[in-house]
Amino acid sequence: MLQFTKKKALRIAAVMTLLVALYALAGFVLAPRLLRSAVLEDIPKTLGVTPSVGDIHVNPFLLRLEVGEFALSAPNGEKLLAFRRLFVEFELWFSIWHRAYSFANIDIDGPSVNAVVARDGRLNLMDLSPKVAPAKAQEKKAPLPNIRIGSFKVRNGLVTYDDRSHPSDFAARLEPINFELASFTTGVEGGRFTFTGISKLGERVEWHGHVSVQPIESDGEFQIDGLRAHTIWEYLEDRLGFLVKSGTIDLNATYKFSLQNAVDLQATVSRILVSDLAVRPRQSDVDWISVPSLLLRDTTVDLLQRQAHSDSLTLTGVKLVTWLEPDGSLNLLKLMQPPASNAAGAPAQSATNAATNAATSAAAAPAANAAAPATTPAAAPWKFDLRECALREADISAEDRSTTPAAKVRLAPFSLKADGASLDLAKPVTVSLDTRINDSGSLSASGDVTPQPLSARVAVKLDSIELKAAQPYIAQYTSMTLLAGRLSGDAKVRYGAGKPTLQVSSDISVAGVHTIDNALHDDFVNWDRLELSGINFQRDPDRLVIEQVAARKLYARVIIEPDDSLNVKRVLAGPGATVIAPAPPGAPVAATAVSQAKPAAAKPPPNPSAPNKAPAMPMAVKKVVLYASQANFADLSVQPNFATGIQNIEGTVLGLSSKADSRATVDIHGAVGAFSPVAITGQVNLLSAALYTDLSMSFRNMDLSIFNPYSGKFAGYNITKGKLSTLMHYKVDGRKLDAQHHITVEQLEFGAKTESKDAVSLPIKLAVALLKDRNGVIDLDIPVTGTLDDPTFRLGPIIWKVFVNVLEKAVTAPFALLGALFGGGPDLQFIDFRPGLADLDSAASDKVHAVVKALNERPQLKIEVPIAFVAELDRPALVEVQFSTQVRDALSTMPGRKKTAGAAPDFAQWEPALKLEILTQLYAKNIGGEPKYPEAITGIKTKPELAAAQADFLSQELHRHIAIADGDLTSLGQQRAQAVQRALLTDTQIDPERVFLAVSDKAKNETGMVRLELTLK
């Protein structure tokens, strides 16, 4: 029995040994050969690639498999996939115990994947696709087999990627790659895994967490350290118009993924940090955008709920270099333009897209065939909100190169913060901004902005912003240079759909403004401080109200250029503009004094059928205040140049408004020099289309010597002394001007004569003497009227013309002026004498008395009395006088004739006999001999008639015999002049030195009277 048992045991042992030997032979020898044969023969048939494999070791007792130097190569010999060593350890007893395929270890050492995109866009890894389409999937998918893996490790892996589809090849290498999966099961438990990868540039990827396949779920952490932005740029460089030279990206995230009925992904990105990012155009060595730090914190994404949230996005130290090109384009937008070479790469890109789409379609086909398509409801819109977005300590350098020179501004440090941003554009976003401008001024703003519909409530504050930066814009439109100026203020702005759509309330001040005239290189307009307080502006409906405008130490310079143009027009006309000089004073003007005014062309009545213009925006400036201001005036058109100024201008303008019936009250005062006050008072309406002005302007106690450039040019004399006071009143109503000028000149004295070619051809000194009263005062009223609608209407030339007219009237008809002022009529200069006589009759005496009165009131006047006669009147008259004297003397010497008291009877009334007796005596005495009568007389028979005829004959002979010498006439002229002189000086206060007797021809026959003409000097 025992023997039998031993034999049986030996047999069993031998069988077992044989089986073990066969098992060992199959495992150690046959299995590797079968695996090698299957790999080398079946893979080419299935995948169309060429495999290669090194040593294959199978340990059938430990259930271990080891494969070395495996590779799959494309038909062209290019290696696609490989590994240096594969080690698999199967656990049989655990498999039986857990009823699952259990692997203690799966190790892959040195795996490599070589992905290459060819020029045509085809991916070489597509060669790994099966040659035969997979079988149609069953309607009900079979569950995955139970698999347990104790440890799955990938060590020292390598992935290379070479994209040759772009004009510039892109190559990337990720090495080493390590992956570890521990305690994994295809059941619910899944397993823990770890993945790490490092590029040759030190870029690192880490991924670890939990994964399961039934159901498909995973959760874990994902981290990227030091990803070079340049690496991403290299891949996209043919599609990008800019260059990324530096920058790293760090990312830390956790996630939870599930694929059951739908894809469910929940991710929390605790940090995305972009450091030292620099972007520049390809052909530039200057970075346009520099981002030292971009940090996105605490971002959550829920794919199923289609919502995302970020706690904060912070950009720190950003530097921007930006400018506006002359064509109006922004340089930064050029970074978004594709490079010029991208057009050549378009076909390759299209091929890539086509291949990718084909591969995607092929991979998706089984899934599409597995289940009938169902109508997918419209997905809900994504929701995203960002609690805080902040830009801190940025540096923005901006230029506007559309101007020459370019306008430059630097905003640094620039900070911008936005709270509550989201994809829901109806939610308001709280924004705040704070920046320094050009290292001096500052700008801050804060408020709420709603993107859609757009609305905003924002508060803005400006502090000491240098306005000099705006000079390139000012230079485009003016010929002045802004040297200094600081803008400050605050404003509250509301914008929205409700009416008014825009509301702005603000206070603005501009301090330290200094401008110069580019042509003269001298001050133009300056002020110490200009304040606009209580500004309220709104749109729809439009309205502007300013509570107060206050100017402190305002300075303005107005200059008449050598060509008679105005510097203000030239400066504001801009560079290169042509300024038309005004017409000279002698040119025709649109209006003149009331006494000479001509009606202007009537303005055509408005056309009632014409469309009405939109009403002007209502405006009001409640108060304008001037403090310690100054205005200088210079006239370079005269030589020497004239210059003066109004100092210490102070005052108010109250109630400016665009209402047609509004009236603003003006009360402004100043002084020319220290002792010549200036005042402007009245009412105006400057903001309404219906202009209204009722202003009075007065200048008092102005020293006339400062006007020597004008008096020398236009009057022909310099002024040695004198005072000027004026009161001007201007009224404009309905665009009709009524101007009154009351001018008072005191103690005007002229000095040396000038040789001005522009001087008026008038005896100016005489005109002044005529106008100056006994107190040395000239008092003139000059009225002017006109219409502002006449484009040729200019007030200055009109006033000058009226003034010259006054002088012309004074010097051309001085006695008419005196006669009108002091009596005596318009012919005051004419004194009439009876022929042959030198005594003044009553009418002449009255005129002389009127002249005396005028000379008393015009003490600077001197009068010239002519020594003159009219021979055709005075010579016969003197003959008659001498004849009458001879007759009277002869009568008084007749014997027995008694002298009678009183006047002798008229010779014509004498008896003919007496006449004949006296005349006969005179004839004998003066002519001699007996008279010889003509026969016509001797033939008369009657005695009375004969005596009368003889007496007439003798009278004619005696008259003919009397001779009047020129000296007699001159003596008569002297007697007449002396008679006038006595009348002027006797019992009067007239200085004899002012009365001159002069031989002249200023005498004429005036209706039988001798008329002498007095002359004023």
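This report describes salt bridges in a predicted model.

## Overview

Side chains of opposite charge can pair when their charged atoms come close. A search of the whole structure finds 29 salt bridges. Some of these contacts are linked to one another: Glu66, Arg85, Asp107, Asp109 and Arg155 form a network of salt bridges.

## Glutamate 206 and arginine 204

Glutamate 206 and arginine 204 are joined through their side chains by a salt bridge, with an N to O distance of 2.5 Å. Glutamate 206 has a relative accessibility of 21% and therefore counts as partly exposed. Arginine 204 is also classed as partly exposed, because its relative accessibility is 29%.

## A bridge between two strands

A salt bridge pairs lysine 622 with glutamate 547, and their closest N and O atoms are 3.0 Å apart. Lysine 622 belongs to strand E27 (residues 619–635) and glutamate 547 to strand E25 (residues 543–552), so the contact ties together parts that are 75 residues apart in sequence.

Lysine 622, at 44% relative accessibility, is partly exposed. Glutamate 547 is partly exposed as well, at 34%.

## A bridge between two helices

Arginine 875 and aspartate 966 meet through their side chains in a salt bridge of 3.2 Å, N to O. Because arginine 875 lies in helix H12 (residues 871–892) and aspartate 966 in helix H16 (residues 966–985), this pair ties together parts that are 91 residues apart in sequence.

Arginine 875 counts as partly exposed, with a relative accessibility of 28%. Aspartate 966 has a relative accessibility of 53%; a residue counts as exposed when this value is over 50%, so aspartate 966 is exposed.

Definitions and conventions:
Residues are numbered from 1 along each chain as its sequence is written. This is a predicted model: local features need pLDDT of at least 70, side-chain atom pairs count only at pLDDT 80 or more; totals for chains, interfaces and linings use all residues. Side-chain values use heavy atoms; hydrogens and water are left out. A salt bridge is a side-chain nitrogen of Lys or Arg within 4 Å of a carboxyl oxygen of Asp or Glu. Buried means under 20% relative accessible area, exposed over 50%, partly exposed in between (1.4 Å probe, protein chains only). Helices (H or I, at least four residues) and strands (E, at least two) are DSSP runs, numbered from the N terminus.
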